[in-house]
Amino acid sequence: MSKKQSLAFGIDIGGSGIKGAPVNLHSGEFAKDRLRIETPQPSTPEAVARVLGELVGSFDLPRNAPIGLTFPAIIKRGVAYSAANVDKSWIGTDVAEVAREATGHPTLVANDADAAGFAEVAYGAAKDVKGLVLVVTLGTGIGTAMIYDGVLVPNAELGHLEIDGHDAETQASSGVREREGWTFEEWAPRLQRYFSHLEFLFSPDLFVVGGGVSKKHSQFLPLLDLQTPIVPAKLRNAAGIVGAAALAARSAS
């Protein structure tokens, strides 16, 4: 990696907060402490653009430092085709162009789950793993990222697979477990059904499980019977920022 590519800036846009930090691309660690600014309400492109400018302006970045942006939507060539937890006026908007104009930096935009998943391959639990890695985030819903030999296959919404007549995330997410009050033992059969289905469809080389519940991985991952190795994610809350920065640097190189 050249000297000019040793630093990139990652931004994670969420419904309640917009977080950013410069990322050391050699280590995958924050080069400076993360800054968080409340997401404006309503979270229109114009309002979010002002926050992006303020966020990036708070750091002394090299002029050519690429910016990676996570966005809670289906993203194709920088354009949002959906909007989750942000204003619906984003649909059809070129998110990358909004960010470029607001920050003055070259910008790449990725779906939030894709960015977090890529971080696990670049620096985390799936580093140096060959073949197909499926990163599954168990939260309110189920987010997924698919990476093959280090190359991201974007917008793999595998949490919405139909299994036994149901949208998978309505049956197996961590949010469902919490709402129903299930123990990990009661939740495990639903996870088993979901991961077995992914295993049958894709024959992955590794599963990585993220989300807040992954902190308690020892209480449920050993209950699953799979042929594919399954491990907890490592980067946790830093994953979106780190993955976005890494994707931006790869695109700029």
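**Pairs, strands and a helix**

Me: In which helix do Glu97 and Arg100 both lie?
Reply: Glu97 and Arg100 are three residues apart, about one turn of the helix. Helices (H or I, at least four residues) and strands (E, at least two) are DSSP runs, numbered from the N terminus. The two residues both belong to H2 (residues 95–103).

Me: What kind of model is this?
Reply: Residues are numbered from 1 along each chain as its sequence is written, and side-chain values use heavy atoms, with hydrogens and water left out. Local features need pLDDT of at least 70, side-chain atom pairs count only at pLDDT 80 or more, and totals for chains, interfaces and linings use all residues, since the model is predicted.

Me: How far apart are the closest N and O atoms in the salt bridge of Glu97 with Arg100?
Reply: A salt bridge is a side-chain nitrogen of Lys or Arg within 4 Å of a carboxyl oxygen of Asp or Glu. Side chains of opposite charge can pair when their charged atoms come close. For Glu97 and Arg100, the closest N and O atoms are separated by 2.9 Å.

Me: Is Asp12 buried or exposed?
Reply: Asp12 forms a salt bridge with Lys19, the closest N and O atoms being 4.0 Å apart. Buried means under 20% relative accessible area, exposed over 50%, and partly exposed in between (1.4 Å probe, protein chains only). Lys19, at 21%, is partly exposed. Asp12 has a relative accessible area of 15%, so it is buried.

Me: How many residues apart in sequence are the parts that Asp164 and Arg193 tie together?
Reply: Asp164 forms a salt bridge with Arg193, with 2.9 Å between the closest N and O atoms. Asp164 lies in the loop between strand S12 (162–163) and strand S13 (166–167), whereas Arg193 is in helix H6, so the pair links parts whose separation in sequence is 29 residues.

Me: Which residue in S2 is the bridge partner of Phe9?
Reply: Two strands pair if DSSP finds at least two bridges between them. Strand S1 (residues 7–13) and strand S2 (residues 17–24) run antiparallel and are joined by seven bridges; they form a hairpin with three residues between them. Within S2, Phe9 is partnered by Pro22.

Me: Which residue in S5 is the bridge partner of Gly10?
Reply: S1 runs parallel to strand S5 (residues 67–71), and four bridges join the two. The partner of Gly10 in S5 is Gly68.

Me: Which strands stand at the edges of the open sheet?
Reply: Five strands form this sheet in the order S11-S10-S9-S14-S15, with mixed pairing. Each edge strand has a single partner strand, so one side of it is left without a neighbour in the sheet; these are S11 (151–153) and S15 (230–232).

Me: What angle does the direction of helix H6 make with that of S9?
Reply: Neighbouring strands of the sheet are turned by 25° against each other on average, direction ignored. Helix H6 (residues 184–202) packs on the sheet and is in contact, meaning heavy atoms within 4.5 Å, with strands including S9 (132–138) and S10. Axes are lines fitted to C-alpha atoms, for helices over the stretch in contact, and angles run from 0 to 180 degrees between N-to-C directions. The direction of H6 makes with that of S9 an angle of about 155°.
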